[in-house]
Amino acid sequence: MKAIKIRNLILLAFFADIGFVSKHLIAPFANVLTDFLRVPGGIGTAFSLMFLVVGAYLIQRKGAASAMSLVQCILAMSLGMVGAMGSLSPFGYLMPGIVIDIVLAFCRRCNVSQLIAMTSANAAGSLAAALTANFIVFRLRGAVLALYLLIALISGGLCGLLATVIYKRIRPLYRDGKTAAEQ
Amino acid sequence: MNKKTKYILAAIAAVLVIAAVILAVKVRGNAPEQSGLIIQNGNNTVTVRWEDLSQTVFSGEIVNGKGEASNHEYQGTELIALFNANGIQITADTKITVTSEDNYTVELNGAEVMCDNKVYVAVTRDHEMIEGIDGNQGGQLVVYGDANAKRQVRYLKTITVE
């Protein structure tokens, strides 16, 4: 197995941290919409997963998103910010990361375009997070569950589009250890 | 990405958004307005209507942060009676968190709530309706015996029993 560079690890930690913090920053704004729709969330998580998708797509390593979600999980547990999931919060953090890794690996294998890969990875990760939260905490059913999942899917897709924009801005700065000439 | 793929993706996105709007209208139409005091006890949530809380008339001295005492006549119910009526068992160690509509939070313990004539939920004060944050009927937590009025929570919304 090829060793991962320290710089990549730092980048992964950075994206994990920024994703973790952004979720708490955007929550009050996202709650305005989710409270209106009477669903328990879905938008803030999609936004925070966007950074995991950017990091995983940039580093291009298997398990990158899972590693970032593990870091987020450890951060949340150590800071006591586990929310309503309590001791089951590791599942809530790890599931989206694993799903993002699977979707990105599948897209890489199928040579899917960057836009579709990042959008579908973000949407799938957001959907996985919503399903996990529903299974552990909310136990919603029927129309409310369908709306919750749709909100998660749509906001995941939109944040995935935003992730492609961020990725395009960051990509020129990231040279993966190669010189400009090698690139 | 060719034009056809773009159209397909746009169509999928449009279908999802339309479905979300339809579901949102349906969910908002079905959801009952929760007007009243919400009591959360573990996984059980009970909403008690404000009009069901005016069982007792009580009064006593409340001291504010400046040390000024005031005396008002309230109508409401003792918190322990409210718990008993809803089948909520508490002990001296039970933690009770009271949250207002503007997210102001105070804590009580089971021993205080079990103490006679100490903790009440009031719906009228001096024969006037206690307003909620929206100007309609609301409630207030009244705790006698405190050195200041910090736990006289207005715009009462939720009582969580842990």
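**Helix packing and chain contact in a predicted model**

H4(A) passes H5(A) in a right-handed crossing. The model is predicted.

**Helix pair in chain A**
- H4(A) spans residues 89–109, and H5(A) spans residues 114–138.
- Their axes lie 8 Å apart and meet at an angle of about 150°.
- Angles over 145 degrees count as roughly antiparallel, so H4(A) and H5(A) are roughly antiparallel to each other.
- On the H4(A) side, the contact is made by A:Phe91, A:Gly92, A:Met95, A:Pro96, A:Val99, A:Ile100, A:Val103, A:Leu104 and A:Cys107.
- H5(A) contributes A:Ile116, A:Ala117, A:Ser120, A:Ala121, A:Ala124, A:Gly125, A:Ala128, A:Ala129, A:Thr132, A:Ala133 and A:Ile136.
- By class, this helix contact holds 16 nonpolar and four polar residues, with no charged ones.

**A:Ile98**
- A:Ile98 belongs to helix H4 of chain A.
- A:Ile98 counts as partly exposed because 16 C-beta neighbours fall inside 10 Å.
- A residue is buried at 20 or more such neighbours and exposed at 12 or fewer.
- A:Ala64 is 34 residues away from A:Ile98 in sequence. In space, the two are 9.0 Å apart, C-alpha to C-alpha.

**Contact between chains A and B**
- Chain A gives 13 residues to the contact, and chain B gives 12 residues.
- On the chain B side, 10 residues are nonpolar and two are charged. No polar residue of chain B takes part there.

Terms used
Residues numbered from 1 in each chain as written. Chains lettered and ligands numbered in written order. Predicted model: local features only at pLDDT ≥ 70, side-chain atom pairs only at ≥ 80, totals over all residues. Contact = placed C-beta atoms within 7 Å. Nonpolar A, V, L, I, M, F, W, Y, C, P; charged D, E, K, R; others polar. Helix = DSSP H or I, 4+ residues; strand = E, 2+ residues; numbered from the N terminus. Axes fitted to C-alpha atoms, helices over the stretch in contact; angles between N-to-C directions. Parallel < 35°, antiparallel > 145°, perpendicular 65-115°, else oblique. Left-handed = near helix turned anticlockwise from the far one by under 90°.
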